[in-house]
Amino acid sequence: MSATGIGAAVRRKEDQRFITGTGNYTSDITRPGEVRAYFVRSPHAHATIDKIDVSAAKRMPGVVDILTGADLAGDKIGGLICGWAITSKDGTPMKMGAHPAIAADKVRCVGDAVAVVLAETLLQARDAAEAVQVDYGVLPAVVDPAKATAKGAPQLHDVAPNNLIYDWHLGDKAATEAAFAAAKHVTKLDIINNRLVPNAMEPRAAIAEYDQGNDALTLWNTSQNPHVARLVISAFVGMAPEHKLRVIAPDVGGGFGSKIFIYPEEVVALWAARRVKRPVKWVSDRSEAFLTDAHGRDHVTHAELATDANHKITGLRVHTIANIGSYMSTFSSSVPTYLYATLLSGQYAIPAIYAEVDAVYTNTAPVDAYRGAGRPEATFVVERLVEVAARELGLDPAEFRRKNFVTSFPHQTPVIMTYDAGDYDASMTKAMEMIDYKNFGKRKAESEKNGKLRGIGFSTYIEACGIAPSQAVGSLGAGVGLWESAEVRVNPTGSVEILTGSHSHGQGHETTFAQLVSDRLGVPIDTVSIVHGDTDKVQFGMGTYGSRSGAVGMSAISKALDKIEDKAKKVAGYMMEAAADDIEFKDGKFTVKGTDKSVGWGDVTLNAYIAHKFTGGQLEPGLKEGAFYDPTNFTFPAGCHLAEVEIDPETGKITIANWVAVDDFGNIINPMIVEGQVHGGIAQGVGQAMLEGAHYNADGQLVTGSFMDYAMPRAADLPSFKVDTTVTPCPSNPLGIKGCGEAGAIASPAALINAITNAVGHENVPMPATPSVVWKAAQGGMKKAAE
Amino acid sequence: MALEMSGEYELPQAREVVWKALNDAEILKKCIPGCETLEKLSDSEFQATVKLSIGPVSARFKGRVKLEDIDAPNGYKIAGEGEGGVAGFAKGFANVALAEAGEGTKLTYKAEAATGGKIAQLGQRLIAGSAKKTADRFFENFVAALQDYK
């Protein structure tokens with residue numbers, strides 16, 4: 001292994017500019033003559049827009065224009081769409097309500113935009129927004145997904161009676177019912193997977209510029225997938241043809257899924273820029289981010305697990321109500337269906353599974369993918385059920401898991417997925433050793449001596465990432481293919497530019513992708529640059545989400561590097577007067593097999609461009625190759641997280657005493673970056689499990705709309721993690737890598753809640769398990785013990 | 001509505017005097033905390049501008065104050081709602097009841113309040129306290145205003 005090749009803990013190249021304030025984020029960009037946009041947003045969760053009077057506001061200082069939903073409709077700008085078609089049980093398509101970028105007739109959540117003010121300065125725009133008079137006809141609101149389909153509930157979209165978008169199912173109902181009928185024991189749980197606000201460090205932003213001469217638009221925005229944004233804004237919103245629309249996502253400060261989607265503000269910025277013929281800049285403030293970024297999770301679930309007399313799991317059934325919010329965001333339909341129910345087999349060989357999912361509209365912000373997207377919800381259901389079943393059966397949770405693990409591969413689950421490789425026992429056994437599981441009893445006794453409760457919880461998770469085989473997702477309703485593209489441009493002097501359709505917004509691609517190139521071409525890492533995030537530079541790309549940039553994005557680069565290597569060997573062959581088949585390429589050196597004749601990388605790249613050693617008919621000059629890579633399967637990272645907590649029953653304070661994560665991510669490019677991803681993922685999962693929760697009151701007001709009321713995890717809430725890996729290489733991609741971006745957030749909530757419920761002695765501990773929740777649980781738990 | 005408040009005051013004035021004051025626009029203007037203007041639209045409806053601060057959000061609310069369920073001299077419902085522009089909205093009402101208590105009058109009220117938009121998003125922790133304080137101040141102001149009211 002070279003110092004900068006695959007497997008090396010290379011320091012992140014991009015961090016120098018990030019930590020010295022020399023990055024270039026969307027809000028850092030200023031275009032000549034730009035105007036600032038400020039949105040007038042509804043303070044009501046549900047209301048008709050009876051009248052908007054902008055006349056006084058238009059006369060305010062600095063105001064360039066004020067545009068409303070009627071103007072948008074007048075210019076025939078299309079609405080936003082959800083790009084994954086889900087079909088209900090009865091075969092009817094999902095019921096997608098219109099989503100105009102600015103509401104014209106009706107608002108459906110607090111924060112819905114009703115007008116946009118364009119002014120010379122942001123302050124002038126805000127002042128004028130104050131003067132926009134909107135007459136609302138306030139309607140009753142519904143925020144609780146479990147109540148959305150009730151008779152008499154307020155109706156959001158005419159196309160979706162009873163607010164039901166789809167009632168979908170997956171699995172074999174009859175076989176599952178038979179398994180339950182024959183079960184020796186059934187474990188039942190009611191679970192609420194709490195709603196989360198993504199809170200990327202950089203809020204969303206957009207600048208749009210109209211080039212009158214060429215009738216072309218450019219959008220700089222905070223996107224995880226600029227090409228997808230261009231496609232949707234072009235093909236569905238109808239803003240401009242693709243070749244007249246350039247989307248640039250420069251440095252982006254975190255996304256966690258929330259920057260995948262196409263949002264109203266960027267559509268409005270483009271439209272407004274063309275109308276006023278000046279660049280339009282919008283930067284979300286944190287309050288707007290709370291209200292308008294797509295939220296995550298928000299499931300209400302009843303789940304049951306059947307076991308036989310030998311403690312084998314024989315069946316699993318799940319009914320989930322998924323809150324989609326007020327409008328269907330770009331991929332919202334896929335999250336509680338194909339990214340959720342397909343993972344309900346967990347790491348276990350379960351013969352029968354049946355899942356039903358009802359997706360509903362409510363008067364809340366749209367809900368879409370958030371780190372893990374569906375898989376954290378599935379893992380929480382499965383891992384809570386398995387842990388509780390083990391407790392009910394009087395079994396050690398590790399033993400019960402071992403008895404039911406999938407042990408031979410490939411393994412076909414009853415819910416679509418074919419697991420390709422893994423060794424679940426290896427990860428769990430290693431994790432148990434690392435946390436000193438066998439001496440947990442001693443530590444618990446020690447805590448009890450001090451008046452404290454102690455608990456330990458498992459989460460042996462699996463997820464499906466490396467998203468995704470295009471044909472497979474197409475057959476499931478996806479409107480796009482999920483391959484990735486790459487182009488390798490080698491310069492005459494040997495430096496290398498990689499153009500990738502993946503997008504880096506914290507993942508460290510500039511380092512890991514360069515490590516792959518360094519490894520393959522034997523060139524120093526600083527002679528490699530990674531170009532991404534610009535639709536005029538990169539031909540196409542599907543972007544970064546679903547832990548896909550390694551498994552899919554790097555596989556595309558690897559394919560292109562294969563072609564570069566082939567071509568370079570030909571050039572070397574001409575240089576050394578040998579057949580290309582006789583050339584060996586290793587460590588940056590081309591050698592004629594069985595001889596000491598060799599030429600270096602830089603000689604070959606120069607010769608590829610000067611083309612003196614071959615004539616045009618023999619070989620095309622230049623050294624540039626592209627590739628598209630479409631995966632043949634999902635990848636299946638899996639592993640074991642073990643959480644150990646100590647609880648003060650007098651105050652409900654939780655101390656995370658130990659946290660061990662042993663993950664199988666297949667082959668690893670940069671172990672330091674992987675460890676960082678695991679740390680961040682655990683922090684996010686711990687945030688969900690014990691701190692974060694988005695709450696709307698009955699009127700539909702977001703009452704956790706700032707960091708005063710919405711608790712993010714801080715360093716002091718977290719222990720020092722013990723992180724390690726086991727390796728079963730992924731057989732379906734050339735690099736054998738599985739992906740690590742979401743695993744921490746997927747695994748950790750179940751581990752923590754399993755530990756807390758173990759400590760307090762009963763199962764009713766909802767997320768977030770705040771001190772007040774845990775105190776109540778601890779008091780109830782003690783009462784139960786005393787009885 | 002999310003917030004409920006109640007209270008009672010013993011007043012030395014006779015019930016008729018108290019009732020008259022409760023229907024006097026000048027008195028109401030003096031008593032509604034932060035009230036900058038109060039114009040009478042009819043005997044039971046006023047247009048008002050009220051400046052209100054809740055937590056980090058301070059805004060001028062424009063709206064209406066209405067007197068409903070008028071049952072002279074036993075009481076009424078005083079309801080108000082106002083839009084504060086970008087800050088959101090606030091609305092509330094108080095059911096006010098007057099009963100004879102010896103020479104004087106016993107005033108009891110039950111009030112509810114709700115907010116929306118930025119004021120609800122940012123001021124959540126402070127809203128209950130602010131609403132209670134606003135209701136208390138209204139009646140404290142009213143008690144004070146009654147002292148030389150005929």
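**An enclosed strand and its surroundings**

Me: How many residues of strand β1 (residues 35-41) of chain A are buried?
Reply: In this predicted model, strand β1 of chain A is largely enclosed by the rest of the structure. One side carries A:Val35, A:Ala37, A:Phe39 and A:Arg41, the other A:Arg36, A:Tyr38 and A:Val40, and both faces are covered. The number of buried residues in β1(A) is therefore seven of the seven.

Me: Which residue of β5(A) stands opposite A:Phe39?
Reply: Strands of a sheet pair through backbone hydrogen bonds, either parallel or antiparallel. For β1(A) and strand β5 (residues 113-119) of chain A the sense is antiparallel, with six bridges. Within β5(A), the residue opposite A:Phe39 is A:Val116.

Me: What is the bridge partner of A:Arg36 in β12(A)?
Reply: β1(A) is also joined to strand β12 (residues 280-283) of chain A, by two bridges, and these strands run parallel. In β12(A), A:Arg36 has as its bridge partner A:Lys281.

Me: Which residues have the most contacts inside the largest nonpolar core?
Reply: In soluble globular proteins, nonpolar side chains tend to be buried together. Here the largest nonpolar core has 292 residues. Those with the most contacts inside this core are A:Val116, A:Val117, A:Ala269, A:Leu344 and A:Ile756.

Me: Leaving aside its neighbours within four places in sequence, with which residues is A:Val116 in contact?
Reply: A:Val116 is the residue of β5(A) that stands opposite A:Phe39, and A:Phe39 is also one of its contacts.

Me: Which element gives the most to the side of domain 1 of chain A that touches domain 3 of chain A?
Reply: The domain assignment places domain 1 of chain A at 31-139 + 201-254 + 259-292 and domain 3 at 483-629. Their contact takes 16 residues from domain 1 of chain A and 14 residues from domain 3 of chain A. On the domain 1 side, α6 (226-235) and β11 (245-248) of chain A each supply at least two residues. The element that gives the most, with four residues, is α6(A).

Me: What covers the buried residues of α6(A)?
Reply: Eight of the 10 residues of α6(A) are buried, among them A:His227, A:Arg230 and A:Leu231. The cover over these buried residues includes β10 (216-221), β11 and α7 (264-276) of chain A.

Me: Is A:Ala183 buried or partly exposed?
Reply: A:Ala183 lies in the loop between α5 (173-181) and β8 (185-193) of chain A. A residue needs 20 or more other C-beta atoms within 10 Å to count as buried. A:Ala183 has 18 within that distance, so A:Ala183 is partly exposed.

**Chain B**

Me: What pattern does chain B follow along the sequence?
Reply: Chain B has three helices and seven strands. Read along the sequence, these elements follow the pattern β-α-α-β-β-β-β-β-β-α.

Me: What is the radius of gyration of chain B?
Reply: The C-alpha trace of chain B spans about 45 × 30 × 25 Å along its principal axes. A compact globule with 150 residues would have a radius of gyration near 15 Å, and chain B agrees with this, because its own value is 15 Å.

Me: Which element gives the most to the side of chain B that touches chain A?
Reply: The contact involves 14 residues of chain B and 18 residues of chain A. β7 (104-116) and α3 (118-146) of chain B each supply at least two residues of the chain B side. The residues on that side divide into six nonpolar, six polar and two charged. With six residues, the element that gives the most is α3(B).

Definitions and conventions: Residues are numbered from 1 along each chain as its sequence is written. Chains are lettered from A and ligands numbered from 1 in the order in which they are written. This is a predicted model: local features need pLDDT of at least 70, side-chain atom pairs count only at pLDDT 80 or more; totals for chains, interfaces and linings use all residues. The radius of gyration is taken over C-alpha atoms; the globule rule is 2.2 Å times the number of residues to the power 0.38. Two residues are in contact if their C-beta atoms, placed from the backbone, lie within 7 Å. Ala, Val, Leu, Ile, Met, Phe, Trp, Tyr, Cys and Pro count as nonpolar, Asp, Glu, Lys and Arg as charged, and the others, Gly among them, as polar. Domain bounds come from an automatic or database domain assignment. A nonpolar core is a set of buried Ala, Val, Leu, Ile, Met, Phe, Trp, Tyr and Cys residues joined through C-beta atoms within 7 Å. A residue is buried if 20 or more other C-beta atoms lie within 10 Å of its own, exposed if 12 or fewer, and partly exposed in between; C-beta atoms are placed from the backbone. Two strands pair if DSSP finds at least two bridges between them.
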